[in-house]
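Biologist: I would like to learn how to read the helices, sheets and contacts of a model. Please take me through one.

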Amino acid sequence: MKEKLIEFKNVSFAYEADGEAVPETKDALKGVNLDIYKGEFLAVLGHNGSGKSTLAKLCNAIYEPTEGTVSVKGIIPDTEEKADEVRRIVGMVFQNPDNQIVATIVEDDVAFGPENLGIEPKEIRKRVDEALKSVNMYELRHREPHKLSGGQKQRVAIAGVIAMQTDCIVLDEPTAMLDPKGRDEVMQTIQRLNKELGITIVLITHFMDEAVQADRVAVMNSGRIVMQGSPREVFAQNEKLNECGLDLPQSTELCKRLGIKDTVLNASECVEKIISMLGGAV
Amino acid sequence: MSYVIEAKGLSHCYSKGTNQQVYAVKDIDFSVEKGELIGIIGHTGSGKSTLISHFNGLLKPSSGQILVNGTDIWKDKETLHNSRFQVGLCFQYPEYQLFEETVFRDIAFGPKNMKLSENEIKERVLRAADYAGVKKEHLDKSPFDLSGGEKRRAAIAGVMAMEPEVIIFDEPAAGLDPKGRKDLIKLIRDYRERTGSAIIIVSHSMEDMASLADRIYVMNGGEIAMQGTVDEVYSQGEKLRSMGLNVPEITEIFASLRAKGIDVPANVYTVEQGTEILKKLMGRCSS
């Protein structure tokens, strides 16, 4: 039986303007039910304004639901203490690497989180070193963050969360501002943390080729979760995805257009299918 | 040859004369012809933003020249001032720069600074709003009441309203969902067709670049590492990867097929193109 880590029960959320709820805001959530399991890698897709970031911010009590409950390991963050507890379990990484770096030296930045948790210096040292190694940034620990590339900065931000030893990391479009190499670095880091350290990953993204790497994909539209399943199940439904303003990974789309029935998810699967289709004739 | 923008031996150096001297861009030769669509690609920190900030005089070259329509923009104060209207710069996430009370006034900000007549300003705002796909009913609204995508269009309209001879877009589609991305690419393509304006796009999206650009410059370590047509640049996948870039997934699929001895072209950049080629090949196999 899979263990639930974060549980959304009938969650609605509405933004307020001038102290009054705005009923028709696009980012609002409406009656969301979602279980996020311990150790899984969940990708959340959806067009701009579909509610993805709102969902992310509900995961570690940055927002409070207007209706329903979000619980993390059974804790409902309805007091400041409980909210703090939840934030020790679920960490966040945001889109812009420049907005989340606070220190002038890489390792100081990573130590910022654990320092705030009141952890003793010796233990902090150990955690910072381990965290930097796990994102492949240990060699650069004495560098100044502003001299790093975007992908390196994002990995420092991820290390900062790991050093707090959270069970789960929620990443809100962490690669949107990165170049191809930076995107690869961050995706490989996410994979490794998930597979090797067992950290639960929630990845909010607009890139379909990132979503195919997840164990499970949830698709949002107008504040609701409209599709859920393995990448293969979700990307088999291209029409429904199009309705949600999304598209298919290029490999998947090519095979679909060629009339290949199985849903392929990456370039090597695609090449294999095409070759078997061309058969011995070539 | 008439170039709208030309950089000649352009270098920009920080902390010049100290032992920390570092070149952000070095010995750049770069040119854009009238009506051309140029792509600039390169990893973070490769010098793309430093380069484009020279094109309308936001940065002054340490050495070398920037010519707009053949005139050095640093010739005198007036030329420099005018270059700001000839070369429109649309920054990354331009929606964060909206500030006026209404969308109309925000779009009108550039033309107003050009000291145009009220009528001319109004005409330009309406024209730019049309190019950028800003809805008429949004013009009287506060820009802060619009959605993210609508805000970005309003910001782009603000640059278009100056009717510059060239517009530079820095990562125009960053942070947009797939549909938003496609819509924006179409917007840029339509704008070019309707106005004949030259366009420079800086992007990390190799897919978007392949479908848009006439010519591409690849930057690496502050220098121009490659330049040429999409075919010329994208055929060197290994070299691109060594510079922190890549080629579209579809291009990789075709490279793998070729490596396995299947007779398909290498210069495939879109799924549509790839489908057509493979369908033909399959037709031939079955007949």
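Modeller: We will go through a sheet, some helices and a chain contact in turn. This is a predicted model, in which local features need pLDDT of at least 70 and side-chain atom pairs count only at pLDDT 80 or more, while totals for chains, interfaces and linings use all residues. Residues are numbered from 1 along each chain as its sequence is written, and chains are lettered from A and ligands numbered from 1 in the order in which they are written.

Biologist: What is the order of the strands in the open sheet of chain B?

Modeller: Strands of a sheet pair through backbone hydrogen bonds, either parallel or antiparallel. Helices (H or I, at least four residues) and strands (E, at least two) are DSSP runs, numbered from the N terminus. Two strands pair if DSSP finds at least two bridges between them. In chain B the four strands run in the order β2-β1-β4-β5, with antiparallel pairing. The edge strands, β2 and β5 (71-72) of chain B, each pair on one side only.

Biologist: Over how many bridges does β1 (residues 3-14) of chain B pair with β2 (residues 22-33) of chain B?

Modeller: β1(B) and β2(B) pair over eight bridges, in the antiparallel sense. Leu10(B) stands opposite Ile28(B) in β2(B), and His12(B) is opposite Val25(B) in that strand. With β4 (residues 63-68) of chain B, β1(B) has five bridges, again antiparallel; here Lys8(B) stands opposite Gln65(B).

Biologist: Which helix packs on this sheet?

Modeller: Contact means that the C-beta atoms of two residues, placed from the backbone, lie within 7 Å. Axes are lines fitted to C-alpha atoms, for helices over the stretch in contact, and angles run from 0 to 180 degrees between N-to-C directions. Helix α1 (residues 48-55) of chain B packs on the sheet and touches β1, β2 and β4 of chain B, its direction making about 125° with that of β1(B).

Biologist: At what angle do α3 (residues 106-116) and α4 (residues 121-134) of chain A pack?

Modeller: Angles under 35 degrees count as roughly parallel, over 145 as roughly antiparallel, 65 to 115 as roughly perpendicular and the rest as oblique. α3(A) and α4(A) pack at about 125°, with their axes 9 Å apart, which makes α3(A) oblique to α4(A). The contact includes Val110(A) and Pro114(A) of α3(A) and Ile124(A) and Leu132(A) of α4(A). Ala, Val, Leu, Ile, Met, Phe, Trp, Tyr, Cys and Pro count as nonpolar, Asp, Glu, Lys and Arg as charged, and the others, Gly among them, as polar. By that scheme this contact has seven nonpolar, no polar and three charged residues.

Biologist: Is helix α1 (residues 52-59) of chain A mostly buried or exposed?

Modeller: A residue is buried if 20 or more other C-beta atoms lie within 10 Å of its own, exposed if 12 or fewer, and partly exposed in between. Seven of the eight residues of α1(A) are buried, so the helix is largely enclosed by the rest of the structure. Lys52(A) and Leu58(A) are among the buried ones. Just after α1(A), Ala61(A) takes a positive phi of about 60°.

Biologist: How many residues does each chain give to the contact between chains A and B?

Modeller: Chain B gives 34 residues and chain A gives 36. On the side of chain B, α11 (271-286) is one of the elements that give two or more residues, and α11(B) gives the most, with eight. The residues on that side divide into 14 nonpolar, 14 polar and six charged.
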